[in-house]
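I will jot down what I look up, one topic at a time.

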Amino acid sequence: MKNILLVYPEYPDTFWGFKHALKFISKRASLPPLGLLTVAAYLPDDWHVKLIDMNCEKLKDRDIRSSDYVFISAMSVQSESAKEVIKRCNELDIPVVAGGPLFTMVPDHFPNANHIVIGEAEEIMPELINDLKRNELKRYYAAKRFPDIEKTPVPRWDLLNFKWYHSMCIQYSRGCPYDCEFCEIAALNGRIPRSKTANQIMKELQSLYDFGWKGAVFFVDDNFIGKRAELKKAVLPAIIQWQEEHGYPFSLYTEVSIDLSDDDELIALMVKAGFNKVFIGLETPDIESLKEANKRQNITHDLEKSIKKLHSSGLEIQGGFIVGFDNDTPSIFKRQFSFIQKNGIVTAMVGILNAPRGSKLYERMRSEGRLIGESMGNNVDVSINFIPKMDLKVLISGYKNLVNWLYSPRNYYKRLKKFLSTYKLPDVSIPKRITITEIKAFLRSIFVIGLFSKERFEYWKLLVWSFFKKRKYIPLIVSLMISGFHFRKIAEKISKREVLLPNEKSLFSEKFGTKSG
């Protein structure tokens, strides 16, 4: 028997961490560590397995000491916390097995990790478990191909404290058919989407339900609609039937490309299945920058028309936006702001362009002699890892101004009201009853936002308007007002941050005296 400790490193305070919003609903983290829970499902039943999610609880030395091995999985944004965990394990002489996107893409950054898994774990786990039993682990385990995920087991939900999380997550597919220059997904998961069967998805949803979960479930796919035929023929009809039979216990959300707007049948099925939010990489309204990024799915669409269609169909768009493309000029900041406001993208996550390892942008920057370090993985930390064509001071000040414009109370609430003018709340999203959690969140919002925050006037004005004009929408509106409070806190931090330059500050300062390129 082995004692295995699974450790999920801490996230920094970011837009998507929702740290300041989670306090309103007494939750500690947005999502659980799906990768570690899936890896745990491969381990022998007689092994003792414990999970420490550092976003929810502290990692104690006694937990490390009582383990034979510490398994750690992380994304690039968790790099600093991951290094600290590895250091602690080294000091306590407990071997570390490290895997996940961070270690797959930059294994050379972690010389102190005893054993590193590169790639997806499905076909590696049998060999790794055999070596664990014999205490003869190799330094590296590398996936030879992108594995078939039709045999991936149901995650070990029993390791979780469900009360700590706002949402659960499952995965239908991996990979994305598109090849955006700044994205590393093609290198990480491939361009040919691989998916689970409808039966697998139903087992995972049923298992969550059996553990007592009711609420949000995030499909963490790179692009949920990468395999449309299977979705429409089998997966979504199965989810619809299950949701109807169980009284719609789950609200669903995921990540898609803008070409979802072309497919009326797929939109209708997703909405009927319980999807009410989609994250879309809208990136920029500038066509030349979209061409530069090879974002062809955006170039071929009227973005404003597509956004309006998805909103009016019942899918709230959470948008990703980028500034700092080679084709960007100083006018981009006001153009981005106007586009986001005009189209009612309430949740607009804007970052400075970075070149992650594994992306074509990384290779281009290296070939052009403009790469100066590694991406830090947090696109709101005011960092950049290559020499941009726009003057650095202009880029940084423009970015900070854009974020502050977007999340000033007046602009945020104006954008929220614009969204409500086009968004149609789906019948399956109308709450049959208000939950205790929602009541507590509303009462806390009155106290925190309505009485003491900078946006209190806008809060009450919109709440009163909603009572008369959009009464059925009030739970959604309160949720978005709480999210806005969080976003403003992040925006305030961004405005105070100095630019973070990875690895080679001296080189950066030398080259940024004037415009480059």
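How many cavities of 30 Å³ or more does the structure hold? I looked it up in this predicted model, and the structure holds one.

**Entry 1: the cavity**

I checked the volume first, and the largest cavity has about 40 Å³ of space. Its lining is made by Tyr 407, Pro 409, Tyr 412, Tyr 413, Glu 455, Met 481, Gly 484, Phe 485 and Arg 488. I then asked which elements give two or more residues to this lining, and found α17 and α20 (474-496). The largest share belongs to α20, with four residues. Sorted by class, the lining of the largest cavity has six nonpolar residues, one polar and two charged.

**Entry 2: the second largest pocket**

Next I turned to an open space. The second largest pocket holds about 160 Å³. Around this pocket I listed Arg 410, Tyr 413, Lys 414, Lys 417, Glu 458, Lys 461, Leu 462 and Trp 465. Here α17 (409-422) and α19 (456-469) each give at least two lining residues.

**Entry 3: α17 with α19**

A reminder to myself: two packed helices are described by the angle between their axes and the distance between the axes. For α17 and α19, the axes come within 10 Å and cross at roughly 15°. Angles under 35 degrees count as roughly parallel, so α17 and α19 are roughly parallel to each other. Their crossing is right-handed. On the α17 side I noted Pro 409, Arg 410, Tyr 413, Leu 416, Lys 417 and Leu 420, which meet Glu 458, Tyr 459, Leu 462 and Trp 465 of α19. This contact has seven nonpolar and three charged residues, with no polar ones.

**Entry 4: α16 with α17**

How do the axes of α16 and α17 cross, and within what distance do they come? I found that they come within 4 Å and cross at roughly 60°. That angle makes α16 oblique to α17. From α16, the contact uses Trp 405, Leu 406 and Tyr 407, and from α17 it uses Pro 409, Asn 411, Tyr 412 and Arg 415. I sorted the residues of this contact into five nonpolar, one polar and one charged.

**Entry 5: α14 with α16**

Last, I followed α16 to another partner. Helix α14 (residues 332-342) packs with helix α16 (residues 392-407) at an angle of about 20°, and their axes are 9 Å apart. That makes α14 roughly parallel to α16, and their crossing is right-handed. In α14, I noted Phe 333, Lys 334, Gln 336, Phe 337, Ile 340 and Gln 341 as the contact residues. Their partners in α16 are Val 394, Leu 395, Gly 398, Tyr 399, Leu 402, Trp 405 and Leu 406. By class, I have nine nonpolar, three polar and one charged residue here.

Methods
Residues are numbered from 1 along each chain as its sequence is written. This is a predicted model: local features need pLDDT of at least 70, side-chain atom pairs count only at pLDDT 80 or more; totals for chains, interfaces and linings use all residues. Side-chain values use heavy atoms; hydrogens and water are left out. Axes are lines fitted to C-alpha atoms, for helices over the stretch in contact, and angles run from 0 to 180 degrees between N-to-C directions. Angles under 35 degrees count as roughly parallel, over 145 as roughly antiparallel, 65 to 115 as roughly perpendicular and the rest as oblique. A crossing is left-handed if the near helix is turned anticlockwise from the far one by less than a right angle, and right-handed if clockwise. Contact means heavy atoms within 4.5 Å. Ala, Val, Leu, Ile, Met, Phe, Trp, Tyr, Cys and Pro count as nonpolar, Asp, Glu, Lys and Arg as charged, and the others, Gly among them, as polar. On a 1 Å grid over the protein atoms alone, a cavity is a set of points where a 1.4 Å probe fits but cannot get out, and a pocket is an open set with protein on both sides within 12 Å along at least five of seven lines; lining residues have an atom within 4 Å of a point. Grid points are joined across faces, edges and corners, and a volume is the space filled by probe spheres set on the points.
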